[in-house]
Amino acid sequence: MNDSGNSYPWVPDLGDGTYQNPVIFADYSDPDAIRVGDDFYLTASSFNCIPGLPILHSQDLVNWTLINHALKELPHPRYAEVQPGQGVWAPSIRHHDGRFWIFFPTPDEGIFVITASDPGGEWTVPHLLLAGKGLIDPCPLWDDDGKAYLAHAYAGSRAGIRNKLHLRPMSVCGTRILGKGKIVAEIAPEQPALEGPKLHKLDGWYYISAPSGGVANGWQVIFRSRQIYGPYEQKIVLAQRGTEVNGPHQGALVDTAEGEWWFMHFQDKDLYGRIVHLQPVRWKNDWPLIGEEQDSEGVGRPVKKHCKPDVGKTEGIAIPQSSDDFNRPGLGLQWQWHANPDPGWHSLTERPGHLRLRPKFVLNGDLSAAPNLLLQKFPAPEFIVETKLELAPGHPCLYAGLVVMGSEYAALDVTRDAAGYHVRLVTSAEGGEIVLVGESPVILQVKVGAGGVCRFGVIRGADGFYQIGPAFFAKAGKWIGAKVGVYCMSTDILDVSGSADFGCFHFAPLHERAGESKNPSDGEVRIRKSQQMIS
């Protein structure tokens with residue numbers, strides 16, 4: 001890689017004072033962001049993936065890195081098994097009274113709150129603020145008069161009602177709901193969804209920023225009132241309007257210390273998940289106008305390229321972590337399990353410089369039901385992933401490999417016997433022919449092309465990439481994008497012995513072979529010069 005970032009699969013900072021959208025080409029669904037001093041913090045939905053509630057940090061809203069996850073496990077025993085599309089839905093993050101607060105829902109349990117004095121440190125155990133099915137998308141507001149409120153929406157699939165935004169009085173400490181409150185905004189039940197409220201107060205106006213129109217093709221609406229409980233008037237402020245950015249909505253209004261305003265939102269990119277865009281905001285007649293080229297109704301259109309936010313200084317290029325050399329005592333922040341994890345599933349200390357995975361029994365070898373998948377988000381429209389794998393010998397029921405997971409999956413599935421490593425491409429539907437690879441470790445690679453076309457294969461010395469099986473078309477999961485990662489399993493419930501050692505996990509642009517990257521000790525990933533890759 002080089003300092004310009006040209007060798008990383010996706011870099012939004014163009015290095016000339018401008019940026020390109022998306023600013024995060026990865027599945028950070030339902031983003032919310034705040035500014036505290038000169039620092040910006042972002043969190044997002046994490047659904048069934050754990051650790052959850054990622055915390056990203058930036059100083060210019062363009063260059064982001066992961067610094068933490070606020071949720072170490074989902075707050076119910078059932079999340080020990082894979083629960084597609086459940087878990088953490090749209091959260092909100094706020095800073096109040098010297099603490100950081102995240103309010104988040106799990107749609108079958110209710111609304112929870114957690115806090116921390118440092119977003120990169122330990123967060124409190126989730127406190128159930130409001131129990132009930134279908135209570136989603138919470139956001140607090142601490143008013144100037146010392147009162148506090150909570151806004152939320154409803155999931156029709158669980159609550160039986162939808163398209164209503166509910167405002168409730170809340171204790172200032174954020175631990176109790178103090179009354180029923182009232183519905184402050186709604187649309188007809190048969191219309192596309194109204195959800196995801198974010199509360200703000202500015203210059204005596206109460207604002208509710210909310211998405212409407214559905215995940216894939218919606219728009220952003222602003223409600224405003226001089227009274228907290230309304231009545232509210234509304235205005236559509238951002239829509240697709242002929243651009244390639246479908247459904248530009250659900251996100252965060254945030255200001256800079258220099259007085260600029262910006263809006264971060266997601267775009268549903270199907271198999272890539274909900275990627276994050278940044279739009280300029282200007283105010284007119286006390287309405288935030290988002291994007292560019294507003295029409296006669298004040299509806300903006302998303303920008304593809306724009307001048308970076310004025311933050312009074314120039315920040316270096318940074319990207320969320322992806323490649324990993326497994327040279328630290330803990331898992332990199334880019335990794336998530338597919339369910340609440342067991343500490344015994346992995347080790348980074350038994351063999352330094354390697355990720356050791358221990359097998360878990362998986363019925364019929366169905367990876368879609370395996371909670372111990374260790375995965376990360378697709379980081380770009382096109383890329384290569386390469387890893388090297390060693391299996392302990394003498395374990396005939398031990399399988400490990402490289403997987404792309406969504407509503408369907410494909411994996412380079414590896415076993416080992418006296419003859420060497422046996423590699424085959426398995427999918428949700430079938431297993432393919434077996435290729436014998438004598439070398440140890442075996443080097444696995446997947447090339448992901450535009451539209452999620454995945455070609456799996458092995459690296460065979462000087463011969464290079466050898467494709468195994470046909471191309472596979474990656475699919476989105478339940479409310480999440482496709483993910484890529486590693487696994488180790490046993491197909492015999494009476495024999496879960498052995499282990500799999502992964503020596504690295506590297507990303508590169510599709511036109512290159514994946515190059516080594518070293519993570520700085522402070523946890524941020526900066527673009528670095530390439531070193532020679534796996535040989």
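**Ring contacts, pockets and backbone features**

R460 lies over the face of Y466, 4.5 Å from the ring centre. A charge counts as sitting over a ring if NZ of Lys or CZ of Arg is within 6 Å of the ring centre and within 35 degrees of the ring normal. A second case involves K377, whose charged end sits over the ring of Y28 at 4.7 Å from its centre. The model is a predicted one, in which local features need pLDDT of at least 70 and side-chain atom pairs count only at pLDDT 80 or more, while totals for chains, interfaces and linings use all residues. Residues are numbered from 1 along each chain as its sequence is written, and side-chain values use heavy atoms, with hydrogens and water left out.

Aromatic pairs were counted next. Rings of Phe, Tyr and Trp (its six-membered ring) pair if their centres lie within 6.5 Å; planes under 30 degrees apart are stacked, over 60 edge-to-face, and the rest tilted. The structure holds 19 such pairs. One of them joins F378 and F383 edge-to-face, at 5.0 Å centre to centre and 80° between the planes. F378 has 1% relative accessibility and therefore counts as buried. F383 is buried too, because its relative accessibility is 0%. Buried means under 20% relative accessible area, exposed over 50%, and partly exposed in between (1.4 Å probe, protein chains only).

The search ran on a 1 Å grid over the protein atoms alone: a cavity is a set of points where a 1.4 Å probe fits but cannot get out, and a pocket is an open set with protein on both sides within 12 Å along at least five of seven lines. Lining residues have an atom within 4 Å of a point. Grid points are joined across faces, edges and corners, and a volume is the space filled by probe spheres set on the points.

The largest pocket has a volume of about 490 Å³. Its lining has 17 residues, of which I34, R94, H95, L199 and H200 are the closest to the centre. Strand 2 (32-36), strand 6 (92-96), strand 10 (135-142), strand 14 (198-202) and strand 18 (249-255) each supply at least two lining residues. Strand 14 gives the most, with 4 residues. Helices (H or I, at least four residues) and strands (E, at least two) are DSSP runs, numbered from the N terminus. By class, this lining has 10 nonpolar, 3 polar and 4 charged residues. Ala, Val, Leu, Ile, Met, Phe, Trp, Tyr, Cys and Pro count as nonpolar, Asp, Glu, Lys and Arg as charged, and the others, Gly among them, as polar.

The second largest pocket holds about 420 Å³. Of its 23 lining residues, W89, I136, E195, V215 and W479 are the closest to its centre. Strand 10, helix 1 (156-159) and strand 18 each give two or more residues to this lining. Helix 1 gives the most, with 3. The lining divides into 11 nonpolar, 6 polar and 6 charged residues.

The whole structure has 6 cavities of 30 Å³ or more. The largest cavity has a volume of about 180 Å³. Among its 18 lining residues, Y8, A26, P320, Q321 and P379 are the closest to the centre. This lining has 13 nonpolar, 4 polar and 1 charged residues. The second largest cavity holds about 90 Å³. It is lined by 15 residues, and D27, K377, I480, G481 and K483 are the closest to its centre.

The search for disulfides (cysteine sulfur atoms within 2.5 Å) found 0 in the whole structure. C397 is in no disulfide, and the nearest cysteine sulfur, that of C488, is 12 Å away. C488 counts as buried because its relative accessibility is 1%.

Some backbone features lie in loops. The peptide bond from N21 to P22 is cis, with omega near 0°. P22 is in the loop between strand 1 (18-20) and strand 2. I50 and P51 are also joined by a cis peptide bond, with omega about 5°. N163, a residue other than glycine, has a positive phi near 65°. N163 is buried, because its relative accessibility is 1%.
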